[in-house]
Amino acid sequence: MVSIDEMAVFCKKKGIVFLNSDIYGGISGFWDFGPLGVELKNNIKKELWKRFVQQRADVVGIDGATITNKKVWEASGHVSSFSDILMECKKCKKKHRGDTLVEDTTGKNVDGSTKDEILSLIKKHKIKCPDCGSELKTGKSFNLMFSTNVGAVEDDANKTYLRPETAQVIFTNFKSVQETSRLKLPFGIAQIGKAYRNEISPRDFLFRSREFEQFEIEYFTDPEKTKCVFLKEVKNMKVNILNSKDKFSVETIDGLIKNNTFKNEWHAYWNAIFYKWFLDFGIKKENIRLREHTKKELAHYASACFDIEYKFPFGWKEIHGNADRGTFDLDQHIKYSKKELTYFDEETKRKIVPYVSSEPSQGIERALLAFLFDAYNDDKKRGNVMLKLHPKLAPIKGAIFPLVRNKKALVNLAKEVYDELKMMFNCVYDSGGSIGRRYARADEMGIPYCITIDFDSIKKKDVTIRDRDTTKQVRVKIKHLKSNLEKFI
Ligand SMILES: [Zn+2]
């Protein structure tokens, strides 16, 4: 497996990801997506949206603003408690996050630990500055939200924040969405969008950045109806799981409900279907697992939380989180806004504050990174990298090659094929260099199908399709090309 730094170099070389404002020396924690990266990212978002919003009768989407009234963040608790402890090096003056220092040294996750607990761990393990090895001193707590001012006057009254998550905008729109879409419990509201966190030490390429995209769903249920009506779809599905006692095993979803690891069927169901989504789009099953949060890690509002983790070269890391948030958020917004954010159940004539039994929270860049690592094959036999991305995620679906570039009839036919295919799939036309060189280039871009037009093509009206993964070639009639590709993609 390549390292995270090698992956960053590969991404730059291939036009997947660039460092933002690189010509000015860059800015830590911000990245730009290049021509291949934007396609890959859009495909990931499209497949998430298709499966979890459009193909479901019980989920609808919104697209909210990234700047909101600051009261949203007061109600959500982000203003008072969304912070990290800062440690400063006495010598090189570099600042480090307390929790990551402890995690790097001990390998243990310390989410949910108090400031004092983190400080005592730093003392206990005699943690020094990772850059120069000198003593560290305690800095202050540091809020991770980016603050800004709205309007011309810079004062406290018009101070607000760039959203650190997409979830709260779903809660603030809860009533309008429920009423306009005439939704009945259980239902979900989804959103994909940008979020910002002023990380003290962004690192590991796209893994911990300051601007990123999230796909979040708030799934609202009736607190008195805890049976998940879709459970049978995932009951027998097997998952790798590390439980809160640090014990690894392979279990069925049903087994995890029966042994009380999942206390809520809805929570089990939503964790399972996202886990399955990763498998369906090509993540190898040995590379992902569920991880149950320990009691200590749990945020005060969550009664349970699971992560989906991916085995990165820098260890098992969270690529997806799903908390059972109860009624915490709606209760807070009811309290702060004094609006009645409730749901009226026609059947029982009850006024309900819906219960969020699942909050799937998906970082788009983290998913992208996991897919890239899983797809990356340094193929020694071919002598080039082969990016084995799922055809639906692959940025470019087909490459059209005329066998030679100096035969007019051949080039014309190749261009004709390209012009037709590009209306349906994202394709490229490439006539530069030997066919072998062009195959290698296509492999590195993860293009699943290469279509070559040769001398026989003119007479027989057919082409060869070469499969990226097997390198097998088949000849198909040009008139069947579209339907053939459709079948694969
Ligand atoms: Zn230092």
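Tutor: The centres of domain 1 and domain 2, taken over C-alpha atoms, are separated by 27 Å, where the domain bounds come from an automatic or database domain assignment. Where these two domains touch, 6 residues of domain 1 and 11 residues of domain 2 take part in the contact, and two residues are in contact if their C-beta atoms, placed from the backbone, lie within 7 Å. Domain 1 consists of residues 4-78 and 160-373, domain 2 of residues 83-143, and domain 3 of residues 396-488. This is a predicted model, in which local features need a pLDDT of at least 70 and side-chain atom pairs count only at pLDDT 80 or more, whereas totals for chains, interfaces and linings use all residues. Residues are numbered from 1 along each chain as its sequence is written.

The protein has 16 helices and 25 strands; these are DSSP runs numbered from the N terminus, with helices being H or I over at least four residues and strands being E over at least two. Of its 489 residues, 37% are buried; a residue is buried if 20 or more other C-beta atoms lie within 10 Å of its own, exposed if 12 or fewer do, and partly exposed in between, with C-beta atoms placed from the backbone.

Now to the sheet itself, which is open and has 9 strands in the order S3-S9-S10-S18-S15-S14-S13-S11-S12, with mixed pairing; two strands pair if DSSP finds at least two bridges between them. Strand S3 (59-62) and strand S12 (248-252) stand at the edges with a single partner strand each, so one side of each has no neighbour in the sheet. On average, and with direction ignored, neighbouring strands of this sheet are turned by 30° against each other, where axes are lines fitted to C-alpha atoms, for helices over the stretch in contact, and angles between N-to-C directions run from 0 to 180 degrees. In general, strands of a sheet pair through backbone hydrogen bonds, either parallel or antiparallel.

S11 and S12 form a hairpin with 5 residues between them, and in its turn Asp246 has a positive phi of about 70°. Strand S14 (residues 304-312) is likewise antiparallel to its partner, strand S15 (residues 315-324), and 9 bridges join the two. Here Tyr310 is the residue that stands opposite Lys317 in S15.

Helices are laid against this sheet as well. Helix H2 (residues 35-54) lies across S3, strand S9 (187-196), strand S10 (211-221) and strand S18 (355-363), and runs at about 140° to S3. Helix H12 (residues 364-375) also packs on the sheet, where it touches S10, S14, S15 and S18, and its direction makes about 55° with that of S18.

Returning to H2, its 20 residues should span 28 Å at 1.5 Å a residue, and this agrees with the 27 Å between its end C-alpha atoms; the expected span is 1.5 Å times one less than the number of residues. The buried residues of H2 include Leu36, Leu40, Ile44, Leu48 and Phe52, and also Glu39, Lys41 and Asn43.

Some details of the backbone deserve a careful look too. Most residues other than glycine have a negative phi, and most peptide bonds are trans. Leu185 and Pro186, however, are joined by a cis peptide bond, with an omega of about -5°, and Pro186 lies in the loop between helix H8 (174-180) and S9. Asn260 is not a glycine and yet has a positive phi of about 70°; Asn260 is found in the loop between helix H9 (253-258) and helix H10 (265-280), and it counts as exposed because 7 other C-beta atoms lie within 10 Å. Lys349, also not a glycine, has a positive phi of about 55°. Its place is in the loop between strand S16 (343-345) and strand S17 (350-352), and with 7 C-beta neighbours inside 10 Å, Lys349 is exposed.
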